[in-house]
Structure formats: structure tokens, C-alpha cells
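Dear colleague,

I am passing on the structure below, followed by notes on what was found in it. Please read the notes with the model open beside you.

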Amino acid sequence: MNKIPKQKNVLGEDIEPCSMNPVTGWFRDGSCNTDKTDVGMHCVCAKVTETYIKKSTNKKIKKFNIKNVWVVRQFENEYNPIHYHDGHISGVGYLKVPKSLNEDKRSHKHNLKTHGTIDFIHGSRGFLNKSIYNHIPKVGDMILFPNYLMHTVYPFQSGDERRSFSFNATIDEKITNVFKHE
């Protein structure tokens, strides 16, 4: 491989290493540096910061461990049935989305868009609680959610591909155990 090209992140700053253990990235430099030979799309890297977890839980974490990461490539009429993940925190990020997802006007009888969208499901429908959050993905979207949150991905009708990455992570047991008082 040639010399690693100098690249900037979306904020216009130098790209910093994201993971050195294991070493990731197209150039195995721990960063999202890439070039035209990168056919695997090694251009997304995110850090879930201590600040984010502290703001969300009002507790300081001491441990954050990515358990697993995978890429999902979906094509016409493919879907993911309702499921949940392991770990404590899960996430999905969108790398490629068919143009037709935003153009399609079809919806479910409850006015949910179901053409290639993702639904997050919690509880049952009741007064002031729809229990389903429907998201129409766009390239660059990244959603973090608790591992136990049920979700499903609907099929789409298009010759294009939808590509996303997902991950599961664990954090301090003391923070995730809501039944234990401090």
C-alpha cells in the first residue's frame, strides 16, 4: 500500500485513531483513512464518549467494550424480523440507502412508513403511547439504543442496496443494573 493519505473528518479536523485494540481501518492504522482501493467501506468510525453516557445515565462509566460489529447488506425484498441484541448498548449506522426509500409513499394502516424503514418497538399501545418508533434511514444516521429494544427492518422494492453496520457493547454492570441502589 502507498503512503496513507491525509484526510479530514466531517468537522474538518484531522482524523484521529478510533480503535487500536483491535487495530481497525483500511490501512490498519486505527483510523477511518481510506482511498479508492477501499472496496469494503472502512470509512465510518464512531466513539461513544464517556460524556454521552454520563449525560444519558447521570453516572460516570469506567468500562466500554465493543462486543461485536457486523455489516448488513440488504437487497430488494429482504428484511430483518423482529429481534433484540445482547450487551447493554446497541447501535446501527447507515452507509448506503436506496434513493427510493424517501420517494416511496406507501405506509402501513397505522400510517407508519414500511418501505425499507426500521421500527423500534417497546411496550404495548396505550393512551399517549404509540409503542413504535418508525425511522426512515438516511446515509450518515447513527442510532444508539438499549440492547433489549425490539426492532425490525422492513423490505423495500428497488434494485439498490441498503448497507448498514451494527454493534453491541457492554458498559459497567453497576450502571446498567437499574435494580441496585447506590
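In which strand does Asp 119 lie? Asp 119 belongs to strand β4, residues 118-121, where helices (H or I, at least four residues) and strands (E, at least two) are DSSP runs, numbered from the N terminus. Before going further, please note that this is a predicted model, in which local features need pLDDT of at least 70 and side-chain atom pairs count only at pLDDT 80 or more, whereas totals for chains, interfaces and linings use all residues. Residues are numbered from 1 along each chain as its sequence is written, and side-chain values use heavy atoms, with hydrogens and water left out.

**The chain as a whole**

The protein chain holds 3 helices and 8 strands, which follow one another along the sequence as α-β-β-β-α-β-β-β-β-β-α. Of its 182 residues, 36% are buried, a term that stands for under 20% relative accessible area, with exposed meaning over 50% and partly exposed in between (1.4 Å probe, protein chains only). Of the contacts between residues at least 6 apart in sequence, 68% join residues at least 24 apart, a contact being heavy atoms within 4.5 Å. The chain exposes about 12,400 Å², and carbon and sulfur atoms supply 55% of that area, as computed by the Shrake-Rupley method with a 1.4 Å probe.

Asp 119 is buried yet has no salt bridge, and the nearest side chain of opposite charge, that of Arg 162, is 10 Å away.

**Nonpolar cores**

The largest nonpolar core has 11 residues in all, among them Val 92, Ile 118, Phe 120, Ile 143 and Phe 145. Strands β3 (89-96), β4 and β6 (142-146) each supply at least two residues of this core. Apart from it lies another core, of 5 residues, including Ile 53, Ile 61, Ile 171 and Ile 175. A nonpolar core is a set of buried Ala, Val, Leu, Ile, Met, Phe, Trp, Tyr and Cys residues joined through side-chain atoms within 4.5 Å. Leaving aside neighbours within four places in sequence, Phe 145 is in contact with residues including His 85, Val 92, Phe 120 and His 151.

Val 92 is also touched by Ser 166, whose contacts, not counting residues up to four places away in sequence, are Asn 68, Val 69, Trp 70, Gly 91 and Val 92. Ser 166 is found in strand β8, residues 162-171, and counts as buried because its relative accessibility is 8%.

**Salt bridges**

The count comes to 5 salt bridges. In one of them, the side chains of Asp 86 and Lys 67 meet at 3.3 Å, N to O; Asp 86 lies in the loop between β2 (80-83) and β3 and Lys 67 in strand β1 (residues 64-74), so this pair ties together parts that are 19 residues apart in sequence.

In another, the side chains of Arg 73 and Glu 161 meet at 2.7 Å, N to O. Since Arg 73 lies in strand β1 and Glu 161 in the loop between β7 (150-153) and β8, this pair ties together parts that are 88 residues apart in sequence. Arg 73 is partly exposed, at a relative accessible area of 48%, whereas Glu 161 is buried, at 7%. Glu 161 forms a salt bridge with Arg 163 as well, the closest N and O atoms being 2.8 Å apart, and Arg 163 is itself buried, with a relative accessible area of 13%. Salt bridges that share partners join Arg 73, Lys 96, Glu 161 and Arg 163 into one network.

With best regards

Technical notes
Lys and Arg count as positive and Asp and Glu as negative; His and the chain ends are not counted. A salt bridge is a side-chain nitrogen of Lys or Arg within 4 Å of a carboxyl oxygen of Asp or Glu.
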